Amino acid sequence: MRVVVAEDSALFREGLVRLLTEAGCDVVAAVADGDALLAAATTLNPDLVIADIRMPPDMESDGARAAAAIRARRPEIPVLLLSQHIELRHCLDLIGTPGFGYLLKDRVLRLDEFVDAISRVAAGGSALDPEIVQALVRSRSASVLAGLTEREQEILGVVAEGHSNAAIAKRFGLSERTVEAHMRSVFTKLGLRDDGSIHRRVTAVVAYLESRARR
Amino acid sequence: MRVHPPTARLLTASATLLVAVSAAVNLMTETPSLAALSAAGVFAVVIGWVIVVRLPDSPVGPALAWCSGSVGLVDSFDATAAGALGEAGAAFVARFGEGIWPVNLLGLLALLLVFPDGRQRGRLWTAAPVVFATGAVLVFLGLGTGDEPAGAPLALVLAGLPLVGLGLILAVASVFVRYRRSSELQRLQLRWLLLAGSVVAVLLVGGWVAEVGGAPLWAAYSPFIFGIVVLVPLAIGIAIVRHDLFDIDRILSDGAAWVLTLVASAAVFAAAVFGVGQILHRYTAIGSTAAAFLTALVLLPIHRFVRDRLARVIDRDRFVAVKAVEEFAAQVRAGRRQPEEVEAVLRDAQGDPGLSLLLADGDRWVDLDGEYADDQEGVTLAGGSDPLARVVLTHVSARARRRAAALAHAAWVPIEVSRLRLSLRRSNERLVHASAAERRRLERDLHDGAQQRILATGMRLRSLQRGLVGEQAAEVEAAVTELEETVRELRRLAHGVRPSRLDDGLAPALEHVRAATPLPVHLAVDDLPALDDTRALTAYLVVTEAVTNVLKHARASRIDVTVRARGERLAVQVRDDGVGGAPGEGSLTALRDRVTSVGGTLTVTSPLGRGTDIEAVL
C-alpha cells in the first residue's frame, strides 16, 4: 500500500513512517504542511493519505483543508486524519463519506487496531474514532436514543466507527446473526433504510448522528 | 439694518473729516484744551474704522464715528462763531449756531438705536429719531431766528426741548427693550455697553464727590471724560468685533460685586465711627480703630454674599450651569448617581449635545466606554501636570471654552472617578484576555509538545517490541499502555486548562457539558454571532461552574441552560428546580469576579425552596 504521510512534528512523523513501513506499507512521501501534502497526494496518487489536522502555517486546520482539497480533486484517494483531540468542525463534511477516517493520534499505539483502520479506509470504508462517535451520539438529544436498548446503542456506536458485522460480533462475543438482528432493530427504530452493505450502514448512521449534531 | 459698505465708509470718512476740522479750528483759535478734547474724539473714530473694516455692513462703525463727528461739527460751528474764520462769517454762523447744539447728540442717538446689530425691535423705536429730529429743528428755529428769545421763538424752543429729551429717552429705552428680546449673543454685546455705561456713571459720581471734596474741576471730571471718549468706544468696539474676548458676565458681576462691597463696607465704617462717637460723645482714635476692625471683619462675608447674589442675577447661565454640575458631583459622592453620567450632565450644562468627554489613558485618550479616541482639540482638565480629561466641544468659542473649563473643574471628582474605574476595568479585561491567550498557548504546548513526544516514544517502543518475545514483549506492552494512559491524562489536563471543545464553538462545548451531567439538562442555544475567545470561555465556565453547584448543593431534578444573543450581548442562564437559597459568597463570588472582569453582570435569584436562577450577561 502506497502511503503519503503529512505531520509537522518530526518525532511523530518519523515514528509513524517507521511503524507504517514495519507494518508493510510503502511510505512514498512524508511531508510537514498542508500545501506539500496536496502536491504530494495529487502527483504521487497514493493508496492512502494520513494527515495531521493541525499543521503549519496556521496551526489550525491546514490538514483538514488539504484533505478537503484532495477529496475535491481526487475523490478516489482515501484520507485518514489524525489529531490530538476531537475537532469536528473542520471535517464534518468528510465524516461518513467513503474512504475517510478520523482517529485520535494515540490510536497508532494500538498497532493492530490502527492497521485495521487504515486498511478499512484504504479499501474505501470508514474508520471513526470511538470518541468521535461518542461526540456525535452525545450531541443529539437523549430522548431519541432512549428507545434503543443498551446493547443496541453500543452496536450503533461501533457501526458508526466503521466496523464490519463480523468484527462487531467478535468484539461483543455474539454470533453474526444476533448482530444482524440488533442492526435491523436499530435501523427500524431510527427509521433508517438498511440494505445490508456495511458501508451504506456507516454512512446512514453517521449521517443520522451528524444531522443531529449540526442542530 | 445693514448699510452698504461704501455708504458706511463715506459716513465714517465724513465723521473723521469733521473731527479733524474741529481739532484744526480749535488749534487756530488757541483753545488747546478743546483741541485736546477733539483729539480724544479721534479714539471713537479709530474704533469706528476698525468696525467698518471688520464688519463693512454694520451700522455701528459709522454711528460710533459720528459720536465724535457730530461733536466735531458743532465744535467747528462754535469756533467759527468765535471768529476763527474771520469777522464776516462769524456773526452769521453765530446767529444760526445758537440752536445747533442738539446735533451734538446725533451720533449717540444713532448708536443707541443701531447697537449692536442694527436690528430694530418694536415699531415705537422708529419714532425716536423722528421725535428727536422734530425737537432739534424746533430748537434750531427757535434759537436761530429770533434776535431775542421771546414770543414765538421761545414757544418753539419750549416745544422742541422736551421732544429732544423724549427722543433720547426713547433711544435709551430701546436698548433695554432690545436686551429683553435679544438672543444670547446680542445680550452679551449689550452687556459690554452696560459695563461701559456703569463705569461712566460711577466715574461721574466719583467726579461729584471729588468736586465736593475740593478737587479742581479738570481733575475731578477728567476720569469721567476719559470714560466717555475712551472706555465707551472701546467697550463698543470689543462688543462688536471681539465680544468673546473676555467673560463680560464675570467682569460685570465681579466688578459690580466689588463696587457694592466697597459701598457697603464704607457705610459700615461710617456707621461704626458715628455709633462709637454717639456712645462716647466724642470722636476718638478708638472709634476709628473699632470701625476699621469691624469693617475688615465684615468685608469678606459681604463680598461673598454680594458676589453670589449678583452672579445669580447677572451671570445667571454660568451660575446655574456650574450649580447643576456641582449638584451632580454631590449626588455622586452620596452614591445616588454614577460618575459615568458626567458626560450627559456636562452636555446639559454646556448646552452642547455633541459635547464629548475624553479621559486620559497614558498618552492617549479614551471615551467613557474605553474606546480609543483621536487626539482632538478641546478643553483639557489637568490634575497637577498630567492631563486628566478633555472636553471636546462642537460649538467652539472662547466663551464656550471658558464655560466648559469651569464646568469640567466643578465635575473634577466624577471625572476622575470615571477615569479610575475605567482604567481598572480595562486592566482587568487585559488580564482576562491575557489569561485566555495564555490558557490557549498552554493547551497548544501540551498537545504539540509533550503529547507528540510521548506518542513518538510509544511508537519507538512498538517498533522495539517487534523483535522481542515473552516477558520482554509484555514489559514493553505495559510501558506502551502506560504511555497511552499518560496521553489521555494530558488530554484531560489540557481540557481543564481550556476546553478544546470550544474550538468547535460554544454550543458543541455545552453539549458535552450536558452529556457529562448526570441530571437531565435542557439546553437551548440561540444562533450566536461569532464570539471572541474570552466571552466563549467565560460563558462556558459560567455554565460548568453553575451546573457543578447545582449537582453539589441544589438537590435538583432538572437544569435549564439557555444561551441567547441580546443585541451585542450574550445572556447565559442556568436555572434549576432545587432547594434554592444559594449563598452569595463562595464559588458564586469567583464566578461574579470572572463575569464582571469582562464587563458583564451576574444576577443570582435563589429563593428558599424555589430553585436557583443564575444569569450572566456578557
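Predicted model: local features only at pLDDT ≥ 70, side-chain atom pairs only at ≥ 80, totals over all residues.
At 17% relative accessibility, Arg120(A) counts as buried (buried means under 20% relative accessible area, exposed over 50%, partly exposed in between, with a 1.4 Å probe and protein chains only). Residues are numbered from 1 along each chain as its sequence is written, chains are lettered from A and ligands numbered from 1 in the order in which they are written, and side-chain values use heavy atoms, leaving out hydrogens and water.

**The two chains**

- Chain A has 10 helices and six strands (DSSP runs numbered from the N terminus: H or I of at least four residues for helices, E of at least two for strands).
- Of its 215 residues, 53% count as buried.
- The accessible surface of chain A is about 8,700 Å² (Shrake-Rupley method, 1.4 Å probe; for residues, only the protein chains shown count as cover). Carbon and sulfur atoms hold 52% of that surface.
- Take the contacts in chain A between residues at least 6 apart in sequence: 62% of them join residues at least 24 apart (contact means heavy atoms within 4.5 Å).
- Chain B has 19 helices and 10 strands. It has 618 residues, and 42% of them count as buried.
- Chain B exposes about 32,000 Å², with 64% of it supplied by carbon and sulfur atoms.
- For contacts in chain B with a separation of 6 or more, 69% come from residues 24 or more positions apart.

**Where the chains meet**

- On chain A, 35 residues are in contact with 31 residues of chain B.
- Together the two chains bury about 3,000 Å² (the accessible area, 1.4 Å probe, that two parts lose on being put together, summed over both). Of this area, 48% is on carbon and sulfur atoms.
- Nine residue pairs are in polar contact between chain A and chain B, both residues at pLDDT 80 or more (a pair of N or O atoms within 3.5 Å; within protein, one must be able to donate a hydrogen and the other to accept it, and residues adjacent in sequence count only if both atoms are side-chain atoms).
- On the side of chain A that touches chain B, the elements giving two or more residues are α1 (10–22) and α5 (130–138).
- Helix α1(A) gives the most to that side, with seven residues.
- By class, that side of chain A has 14 nonpolar, six polar and 15 charged residues (nonpolar: Ala, Val, Leu, Ile, Met, Phe, Trp, Tyr, Cys and Pro; charged: Asp, Glu, Lys and Arg; polar: the others, Gly among them).

**Salt bridges across the interface**

- Four salt bridges cross between chain A and chain B (a side-chain nitrogen of Lys or Arg within 4 Å of a carboxyl oxygen of Asp or Glu). Over all chains, the structure holds 29.
- Arg110(A) and Glu484(B) pair up in a salt bridge at 2.6 Å, N to O.
- Arg110(A) and Glu484(B) also belong to a network of salt bridges that links them with Arg462(B) and Glu477(B).

- Arg491(B) lies in helix α16 (residues 470–497) of chain B. It is buried, at 11% relative accessible area.
- Its side chain makes a polar contact of 2.9 Å with that of Asp106(A).
- Leaving out residues up to four places away in sequence, Arg491(B) touches Gln84(A), His85(A), Leu104(A), Asp106(A), Glu131(A) and Gln451(B).

**Salt bridges within a chain**

- Asp116(A) and Arg120(A) form a salt bridge, with their closest N and O atoms 2.9 Å apart. They sit four residues apart in helix α4 (residues 111–122) of chain A, so about one helical turn separates them.
- Glu22(A) and Arg18(A) form a salt bridge at 3.6 Å, N to O. About one helical turn separates them too, because they are four residues apart in helix α1 of chain A.
- Glu22(A) is partly exposed at 31% relative accessible area, and Arg18(A) is partly exposed at 40%.
- Arg564(B) forms a salt bridge with Asp526(B), their closest N and O atoms being 3.8 Å apart. Arg564(B) is in strand β7 (residues 559–566) and Asp526(B) in the loop between β6 and α18 (533–554) of chain B, so the pair ties together parts 38 residues apart in sequence.
- Arg564(B) is partly exposed, at 40% relative accessible area. Asp526(B) is partly exposed as well, at 31%.

**Val521(B) in a strand**

- Val521(B) belongs to strand β6 (residues 521–525) of chain B. It is buried, at 14% relative accessible area.
- Not counting residues up to four places away in sequence, Val521(B) touches Arg514(B), Ile559(B) and Val561(B).
- Glu511(B) is 10 residues from Val521(B) along the chain, and their C-alpha atoms are 9.5 Å apart.
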